[in-house]
Amino acid sequence: MLKKLKTLLAIADTGSFNAAADRMFITQSAVSMQMKGLEETLHLELFDRSVRPPRLNNTGRLLLDQARQIVKLSDDLIDVSPVASQFKGSIKLGSIPGAAFILPETLFRLNNTYRYLQIMVSSNLSESLASDVTHERLDAALVTQLSETNPRLRSRPILREPMFVLASRAQAGQSDTQLLENNRYISYNRKAEVSRIIEEAFRQRNITVDPIMELDTLETFQMMIVKGLGVGILPLSSIRLHLMDKFYKVPFGSPTLTRNLVLIQPNEHNRQAILDALYETFCAVASDVKTGV
């Protein structure tokens, strides 16, 4: 309920579902679903949907003052909570580049709950991040699960997601093997753990590819495929939303090859409560992503 009320206030403050989605770091469809859920809970219609975009009706506007009071009371309670007082200072978090779909919303929720906690973020490949956590340069890192993990580290699962062969829409109708063997292959950084998973699958399935280029930037990688310069493979979450409909997508393998996103941390940490909150928020955001909330 509280999250929905905050989204309602964002709509009122910004003037539209789309702008509210940007402020709340969620999709516009998620804003719509939250507002429908709020209306069902209250048994009230809050928006005039005869116009586009929908706008608050009289009932919705009358509800705003109460919603602001509820949100403020919640924020004040968090400020004086003895638990919240432990969540101050800063922690250092690492993240792989392909986690952009989950990281902003996670940090947004944590910032709303623990306003005195600062999370410093750096980006790198999974293996380098694991080394940084091992040597205490980072407190934790969001990575693709490594084939071997240092026994000094704890790996906490967040999301398992499918891998897809991506091609231009002109290639529609071909199988994953046909796409890979009949076209030039564009690879993402071969030092990335996800690339190691893909290459191991190539060996197991005796698939031979014809490499044309190797790229470090996901946006450039995907645009090359959209332009028909070759085919490539990515986890579902790494596909940019604004490019999703421009690809012909085929699950890679049967059963479909997957990659696991995990949070790695030292086995023992003096701020475990913060890392637990971080992990639980990552899991909640990942669940929302999977269900479209």
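Guide: Gladly! Please keep in mind that this is a predicted model.

Visitor: How many residues line the largest cavity, and how many of them are nonpolar, polar and charged?

Guide: The lining of the largest cavity is made up of 15 residues. Nearest the centre of this cavity lie Ile96, Gly98, Tyr188, Val194 and Arg259. Sorted by class, the lining has nine nonpolar, four polar and two charged residues.

Visitor: How much space lies in the largest cavity?

Guide: Rolling a probe the size of a water molecule over the atoms shows where empty space is left. Searching the whole structure this way turns up two cavities of 30 Å³ or more. The space in the largest cavity is about 120 Å³.

Visitor: Which helix gives the most to the lining of the second largest pocket?

Guide: The second largest pocket holds about 320 Å³ of space. Its lining has 18 residues, and Lys3, Arg109, Leu110, Asn112 and Thr113 are the closest to its centre. H1, helix H5 (103-113) and helix H10 (272-291) each supply at least two residues of that lining. The one that gives the most, with six residues, is H5.

Visitor: Is H1 roughly parallel or roughly perpendicular to H3?

Guide: Two packed helices are described by the angle between their axes and the distance between the axes. For helix H1 (residues 2-14) and helix H3 (residues 28-42), the angle is about 115° and the axes are 9 Å apart. Angles of 65 to 115 degrees count as roughly perpendicular, so H1 lies roughly perpendicular to H3.

Visitor: Which residues of H3 does H1 meet?

Guide: H1 brings Lys3, Lys4, Leu5, Thr7, Leu8 and Ile11 to this contact. By class, the contact has six nonpolar, three polar and two charged residues. On the H3 side, the residues met are Val31, Gln34, Met35, Gly37 and Leu38.

Visitor: Which residue is joined to Pro255 by a cis peptide bond?

Guide: Most residues other than glycine have a negative phi, and most peptide bonds are trans. Pro255 lies in the loop between strand E10 (247-251) and strand E11 (258-266). The residue joined to Pro255 by a cis bond is Ser254.

Terms used:
Residues numbered from 1 in each chain as written. Predicted model: local features only at pLDDT ≥ 70, side-chain atom pairs only at ≥ 80, totals over all residues. Heavy atoms only, no water. Axes fitted to C-alpha atoms, helices over the stretch in contact; angles between N-to-C directions. Helix = DSSP H or I, 4+ residues; strand = E, 2+ residues; numbered from the N terminus. Parallel < 35°, antiparallel > 145°, perpendicular 65-115°, else oblique. Contact = heavy atoms within 4.5 Å. Nonpolar A, V, L, I, M, F, W, Y, C, P; charged D, E, K, R; others polar. 1 Å grid on protein atoms, 1.4 Å probe; cavity = no way out; pocket = protein on both sides within 12 Å on 5 of 7 lines; lining within 4 Å. Points joined across faces, edges and corners; volume = space filled by probe spheres on them.
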